[in-house]
Amino acid sequence: MTETVVSRQTGEKCLHVRHKSGLEIYIMEMEGYRSSFALFGTKYGSINTRFRLRGEEDYAEVPEGIAHYLEHKLFENEDCDAFAKYARTGANANAYTSFDRTAYLFGCSEHFNESLEILLSFVQEPYFTAETVEKEQGIIAQEIRMNDDEPGWRVFFNMLKAMYHVHPVRIDIAGTVESIRQINADLLYRCYNTFYNLHNMVLSVAGNVKADEVLEICDRLLKPCEDIGLEEVFPEEPDTIVQPYVESHLQVGFPLFNLGFKLRPMEGQELMRAELMSSILLEAILGPSTKIYTEMLEEGLINSEFDTDSPFTGSGFFCLSCGGESKQPEVVRDRIIAELRRVQVEGFDPEVFERIKRVHYGNMIRALGNVESNASNMLNAFMSKVGPFDSIDLLAEITYEDAIRFLREELDTEKAVLSVVRSQEV
Amino acid sequence: MNIQTASFGEQMELITITEPKFKTVSMMCMMLLPVIPERNSAYALAMSILTESCRKYPDYASLTVKLDTMYGASLNSSVSVNGGVMQLVVSGSTIASRYALAGENLAADLAALLCDCLLDPNVKDGAFEETAYRIERKELLDAIETEINNKRGYALIRAKKTAFCGEPDAYPVYGTKEDVEKLTPESVYAAYQEILRRAVFRFYCVGPDVPEGLAEQLCTAFQGVERCPEPLQYHAPSPCKSAPESVTEPMDVAQSKLVMVFKAPEKNREAFRLFSAVFGGTPFSLLFTNVREKESLCYYCASRVINGKDALMVDSGVELANAERTREAILEQLAAMQRGDFTEELLDNAKLAMVGALRGIGDTPTSCIFEQYERFYTGDPGDVEERVQRYLALTKEQIVDVAKSLTLDTVYLMQQGGAAE
């Protein structure tokens, strides 16, 4: 199946192919650009610790951090590592693992096709031995330690732990130094064979690329596979939060905080609408042009580090948050909650809503001019089960009335968590 | 891509880059002065006040409303040091006018806004307005205080402080808490006027539609500004210590940070950068493949060239028990390069990486600006393709020469498990 997807708002277009191998492919040719970017991703992240395949009775449980471990190890093939292969094409390669996805990527300004061949090959050729798996433990342990010292990372993860009782979004993406010790080659192969099935994956490329050449490489290198009927399962997450306040200590110059609200999980188009509306609402209610922001800034309660975050969403979780630096985070929390409750009752100026909508439109236009953003956004759209231009098209349709209804019906300020990181008092 | 240069005053140049494919228009005003450490705080504070309000938009809220109506235009300031030069930057960006929903001329709006912020600030009785000053002063103090939050960045700052001790660029770019506490709305306004008078100005504008008459607009805006620009000296080489200096700082952290600073007279800019790519600047470099991959000592171990200082830094996050072995392993890889013990293939691959990065310039407005700026501060008129050819022509012997010229100057260790002073 091949279709050209066109944005109603901007006229931008890309090619969407459902390849015979099972892989979904998105290609955006960008005229006049020299560079290109490619991502090969799977719907497999740190939250996928429990799963079963069609015909299996029991669910498998795997150690925390295994998706991230697999990402590290996949770069190593039997003959040599993928970085050594990319080195011969000049591509700048990397990979990332998040809560619900893993992606292997490269950017380049020359030899795109050769680099794409490397990408498709090494991700489809796992090679793990007891020795190579053990070797990685020291490297990943240092990555975990590095994040342990990162206050922005800690304050966010502590918030998730205080918000979610059992959902695996509460665990660190890389796992713990202890959990990664349980990972071995057999477990890696099991997870690889489960989640790196092409029916669970996407290829997204943008920039100085030619669709017919990309598809020719895909035809040649993709190994057709059967849809194995992957079933992910998450523990039943209560509707409540775990605790309203959490604090931890790191050596910081100034306390950091995250204030989050737990919302009902959503998916697909409903989620995309909710994400757009909540981004606009948070900016309109708490952003730098508002009275509450100005007052808190002038009173020294916050500084310009204060910001509203993009909605944090995925399979079974939805959290709205804001954060920054403050010596009195509890006072900031109380002021913000009071303001949200006031707006839920009184509403706000619809012109402000239209103005912030315009900001979002501008941000989307900016992203369309960037090779890397286009490739990433097409991958993200696939992961969210929506079309690549749905967000910019949907933005035009959202009204103030939709947004205020969402705020009243979906945001429960009783489900707030304040996470604070400050230095240990001596 | 069409690049034009025009003067709008003494040592004031406008560089316009017209590129139809871009969907944004970006402007960056660089104000360049010799580094005077005791002025760092005042300059940094002046820059942040300029981008948070102006006479027309007298507080951050009203300025934000203006930026929002320009489709979420950005307006930022930054301060940084490049060798012997303080780089003060005010920049903004918005979407190209062809995407404006009501036919607004956004490029012209952005130029006007930047001129308002740069030349018509929120001033009362010869001083910055009190509220804006107070908020930004707190911002600066907070920024100084939170430097420690980013442990990797903090370790690099501390290593530089030892490596370049006594040199102007060893001083914190925002100054110190004590420096900020001495400032007043009057003294910061005086510093702002000093910037207008003494700085060399480079104004860059990149987009599909550069506003017509921008040079004239800038000429008019800067008319009446008394000018006495100072000569710039980017190259500020740092003398190497007779013996490496080691500094250990105990801190309450889970991971130790090791930073090593090497110095060498930089004879060939491209050779120095290519050396770094082979040594530790790429994921196929000697440090990555040996220190990380073979010995599993760390998650990152990377090298970078420090502009204008004839110096190179290597940094790594390690377990304290492995810090000494990591230091040795880094020196072993340097020794290998000094012996020429690396393959031609590795060198060719590093060249490919450098060439790839160079040829990608032109796909983002920021990279276009920095490429033009680099030509200015290096005095190198060579375009991207000329520099590509220079990289391709470099030989293994030239890279070995760079390796041989490097001397270890400083070793900084942030020691985990300790308590900071």
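Predicted model: local features only at pLDDT ≥ 70, side-chain atom pairs only at ≥ 80, totals over all residues.
Colleague: Which strands are the edge strands of the open sheet in chain B?

Modeller: The sheet has 6 strands, in the order E1-E2-E8-E3-E5-E4, with mixed pairing. An edge strand pairs on one side only. In chain B these are strand E1 (2-9) and strand E4 (74-82).

Colleague: What does the twist average from one strand to the next?

Modeller: The sheet in question is the open one of chain B. From one strand to the next, its twist averages 15 degrees.

Colleague: Which residue in E8(B) is the bridge partner of Ile15(B)?

Modeller: Strand E2 (residues 12-18) and strand E8 (residues 200-207) of chain B run parallel, joined by 7 bridges. In E8(B), the partner of Ile15(B) is Tyr204(B).

Colleague: At about what angle to E5(B) does helix H1 of chain B run?

Modeller: Helix H1 (residues 40-50) lies across strand E3 (24-34), E4 and strand E5 (85-95) of chain B. Relative to E5(B), the helix runs at about 10 degrees.

Colleague: Is Thr290(A) buried or exposed?

Modeller: Thr290(A) sits in the loop between H8 and helix H9 (291-298) of chain A. Beyond its neighbours within four places in sequence, it is in contact with Glu283(A), Ala284(A) and Ile285(A). Buried means under 20% relative accessible area. Thr290(A) has 9% relative accessibility, so it counts as buried.

Colleague: What covers the buried residues of H14(A)?

Modeller: Helix H14 (residues 400-410) of chain A has buried residues including Tyr400(A), Ile404(A), Phe406(A) and Leu407(A). Among the elements covering the buried residues of H14(A) are H8, strand E15 (317-325), helix H10 (329-346), helix H11 (350-368) and helix H13 (390-397) of chain A.

Methods:
Residues numbered from 1 in each chain as written. Chains lettered and ligands numbered in written order. Heavy atoms only, no water. Pairing = 2+ DSSP bridges. Helix = DSSP H or I, 4+ residues; strand = E, 2+ residues; numbered from the N terminus. Axes fitted to C-alpha atoms, helices over the stretch in contact; angles between N-to-C directions. Contact = heavy atoms within 4.5 Å. Buried < 20%, exposed > 50% of the residue type's maximum accessible area, 1.4 Å probe, protein only.
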